[in-house]
Amino acid sequence: MADVDEKEVVLSERERQCLRWVEKGKSSWSIGVILNVSENTVNFHIKNAMGKLETSTRTQCVVKARRLGLI
């Protein structure tokens, strides 16, 4: 099985937006207000990104996405 670094990971625009706000220290609730979506929707996008990047925390996800040039 290929490591996530070796395969192409594609994040949706919404996933990238949410991770950029997480990187700035915003909570899911705050991100929801900014993007005019529910907190659950924000969490959905973040969880999807975490799955794609095979990470278990928001911080790990942001760091990995940044390192891979996705955000």
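Guide: Let's start with helices: helices (H or I, at least four residues) and strands (E, at least two) are DSSP runs, numbered from the N terminus. Residues are numbered from 1 along each chain as its sequence is written, and side-chain values use heavy atoms, with hydrogens and water left out. This is a predicted model, where local features need pLDDT of at least 70 and side-chain atom pairs count only at pLDDT 80 or more, while totals for chains, interfaces and linings use all residues.

Visitor: How many salt bridges does a search of the whole structure find?

Guide: The general idea is that side chains of opposite charge can pair when their charged atoms come close. The cut-off used here is a side-chain nitrogen of Lys or Arg within 4 Å of a carboxyl oxygen of Asp or Glu. Searching the whole structure turns up four salt bridges.

Visitor: Which residues are linked in a network of salt bridges?

Guide: That would be Glu-13, Arg-16 and Arg-20. Glu-13 meets Arg-16 at 2.2 Å, N to O, and pairs with Arg-20 too, with the closest N and O atoms 3.8 Å apart. Because Arg-16 and Glu-13 sit three residues apart in helix α1 (residues 13–23), about one helical turn separates them.

Visitor: And how do I read exposure for these side chains?

Guide: Go by relative accessible area: buried is under 20%, exposed is over 50%, and partly exposed is in between (1.4 Å probe, protein chains only). Arg-16 comes out partly exposed at 22%, Glu-13 partly exposed at 41%, and Arg-20 partly exposed at 30%.

Visitor: What does Glu-23 form a salt bridge with?

Guide: With Arg-66, the closest N and O atoms being 2.7 Å apart. Glu-23 lies in helix α1 and Arg-66 in helix α4 (residues 58–67), so this pair ties together parts 43 residues apart in sequence. Glu-23 has a relative accessible area of 38%, which makes it partly exposed, and Arg-66 is partly exposed as well, at 40%.

Visitor: Now the inside. Which residues touch the most other members of the largest nonpolar core?

Guide: A nonpolar core is a set of buried Ala, Val, Leu, Ile, Met, Phe, Trp, Tyr and Cys residues joined through side-chain atoms within 4.5 Å. The largest one here has 17 residues, and Leu-11, Leu-19, Leu-53 and Ala-65 touch the most other members. Helices α1, α2 (28–35), α3 (39–52) and α4 each supply at least two residues of this core, with α3 giving the most, four residues.

Visitor: What does Ala-65 touch?

Guide: Contact means heavy atoms within 4.5 Å. Leaving out residues up to four places away in sequence, Ala-65 touches Leu-11, Leu-19, Leu-53, Leu-70 and Ile-71.
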